[in-house]
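Welcome! Please take a moment to look over the sequence and the structure below, and then we will walk through them together.

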Amino acid sequence: MIFFVSPLSIVLLSVFIVAVLIIFCKKLRNVNKLPVDGLQKPPTPFKFPIIGHMHLLAGYSVPYEAFSNLGRKYGNVVKLQLGNVKCVVVNGQKNIREALITKGHHFDSRPNFERYQMLFGGNKENSLAFCDWSDTQKLRRDMLKVHTFPRSFTNTYYSLDNLIQQASTLIKSEITPNKSMEIKPIILKNCANIFTAHFCSKTFSVSDEKFIRMVENFDDIFYEVNQGYAADFLPFLMPFHKKNLERINSLTHEIREFILDEVVGSKFNVDTDVEGDYLDSLIKRVKTNSDLTWETALFALEDIIGGHSAVGNFLIKLLAYLAKESEVQAKIQAEIDAKEKPVTICDRSSMPYTEATIFEAVRLIASPIVPRVANQNSSINGYEIEKDTVLFLNNYDLSMSKALWNDPAKFKPERFLKNGKIVKPDYFLPFGGGRRSCMGYKIVQLVSFGILSDILQNYTVLPDDGTSYEVPVGSLALPKNTFKFKFISR
Ligand code: HEM
């Protein structure tokens with residue numbers, strides 16, 4: 001049978017097919033679009049029930065490497081479901097800056113992991129780094145600024161300079177030249193004294209057993225908070241960590257006891273108008289305003305004293321890099337020797353190579369930005385980010401990208417120098433940015449500059465025969481027993 005098809009039917013049929021195609025294509029596009037504001041949903045890989053996308057992070061020693069790979073495969077904003085937590089991985093300088101700065105006020109919360117709650121007295125809002133944004137956090141940051149960012153050549157700056165010099169002298173006195181030794185406990189104790197003296201005007205004998213115990217406890221907790229656990233995303237796994245968390249919890253109680261008995265002492269009960277150190281300012285605020293409780297103040301004080309673990313562990317990593325880099329050490333020593341005097345933090349601006357070395361170590365460690373959380377529905381690079389989404393801002397990629405750095409795996413301080421001056425590229429964001437940026441970066445730079453210069457003024461650091469100097473990447477913490485070094489007198 002032959003069908004007769006008139007020209008009119010062909011036109012009508014064509015119009016019908018085109019209309020169907022248009023509707024179908026629109027529907028397809030709408031799968032990736034929000035109806036209200038036209039934002040696209042971020043691409044997302046295939047996921048499994050319960051674990052979601054957690055399998056995609058398996059097999060990576062640095063989880064952020066997985067995030068870089070996901071970025072290459074799916075684009076700069078990728079949606080993931082990690083267990084029961086909705087997440088987004090953000091790659092690329094422009095997008096990370098959008099999250100940190102342009103829309104920093106949309107992404108200023110932190111994840112609500114049960115582990116964080118347990119580590120901070122049952123309430124993560126007690127923590128400076130893991131709390132959500134609030135008036136209290138603004139107040140805590142404002143009160144800290146004066147002490148953690150001392151302006152050059154002020155009294156606070158000179159006092160810190162003095163403390164660093166005293167600590168360096170003690171470190172040198174504990175070094176046994178030409179013998180392989182662990183220096184981490186020595187560095188940590190002396191960093192702790194810089195911190196207790198700077199923030200609370202209190203120093204301790206480095207052989208004081210209680211003080212040593214406090215330093216060890218802080219280091220243990222620092223290691224703990226720097227670990228990522230599958231249980232953060234799959235809470236049904238938490239019982240497996242119960243014992244360890246109870247152990248850590250008891251360490252926090254020991255620390256509290258030490259802080260109250262040995263650091264605060266009778267200071268709280270003495271009425272004084274002098275607002276000398278950070279502890280004084282906390283006590284005064286608690287007594288004169290209702291916006292800060294003594295409990296919150298104590299947690300903040302402990303957090304900031306605990307910052308010494310970050311500096312101490314960083315210094316050990318820095319020495320581990322340098323043990324293999326005799327040429328870098330020689331260049332730092334040339335800057336030191338040109339001074340013909342003991343070097344102090346006041347020499348920083350005229351020792352750019354030494355400063356560049358510190359930046360290079362910070363870059364290579366590629367410590368992650370503490371995850372942010374969206375406090376409202378928002379967007380990054382035109383992609384919808386739902387309220388309560390955890391954001392992984394991949395600064396690992398910014399620090400290690402072959403597209404941004406020459407030979408990124410190599411230790412080359414020169415990359416931070418131009419015409420003998422320090423240059424930091426915009427994509428170098430090791431301390432995050434915006435309203436939740438690191439409160440300790442200046443102290444890190446000052447203390448590590450002072451201690452490193454003093455060690456290298458007096459010694460050359462050599463590797464110990466039995467030690468591998470593979471510096472762990474993607475975390476600031478080191479295990480308790482770590483690298484050994486030989487210090488050869490100059
Ligand atoms: C090499 C050492 C360090 C590195 C690489 C580092 C890096 C970071 C990063 C990436 C963040 C998150 C920033 C963001 O979300 O935008 C952060 C937060 C923070 N850091 Fe550091 N940090 C270091 C040492 C320190 C030290 C020594 C202290 C204390 C004196 C400190 C205090 C803090 C605090 C209080 C926060 C939380 C700020 C907030 O959430 O409002 N950090 N740090």
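**A walk through the model**

Buried residues make up 38% of the 490 residues in the protein; a residue counts as buried if 20 or more other C-beta atoms, placed from the backbone, lie within 10 Å of its own. What you see is a predicted model, in which local features need pLDDT of at least 70 and side-chain atom pairs count only at pLDDT 80 or more, while totals for chains, interfaces and linings use all residues. Residues are numbered from 1 along each chain as its sequence is written.

Let us start with the overall build. The protein has 16 helices and 11 strands, where helices (H or I, at least four residues) and strands (E, at least two) are DSSP runs, numbered from the N terminus. Its C-alpha atoms fill a box of roughly 105 × 55 × 45 Å along the principal axes.

Now turn to the ligand. It is surrounded by 26 residues, and the closest are Ala129, Gly307, Gly432, Cys438 and Gly440; a residue is near a molecule if its C-beta atom, placed from the backbone, lies within 6 Å of it. Helices H5 (135-148), H12 (307-323) and H16 (441-458) each supply at least two residues of this shell, with the largest share, four residues, coming from H12.

Finally, find the open sheet of three strands, which has the order S3-S11-S10 and antiparallel pairing; two strands pair if DSSP finds at least two bridges between them. Strands S3 (180-182) and S10 (459-463) are the edges, each pairing on one side only. Three bridges join S3 to S11 (residues 484-489), and Glu182 has Lys484 in S11 as its bridge partner.

Note on methods
A residue is buried if 20 or more other C-beta atoms lie within 10 Å of its own, exposed if 12 or fewer, and partly exposed in between; C-beta atoms are placed from the backbone.
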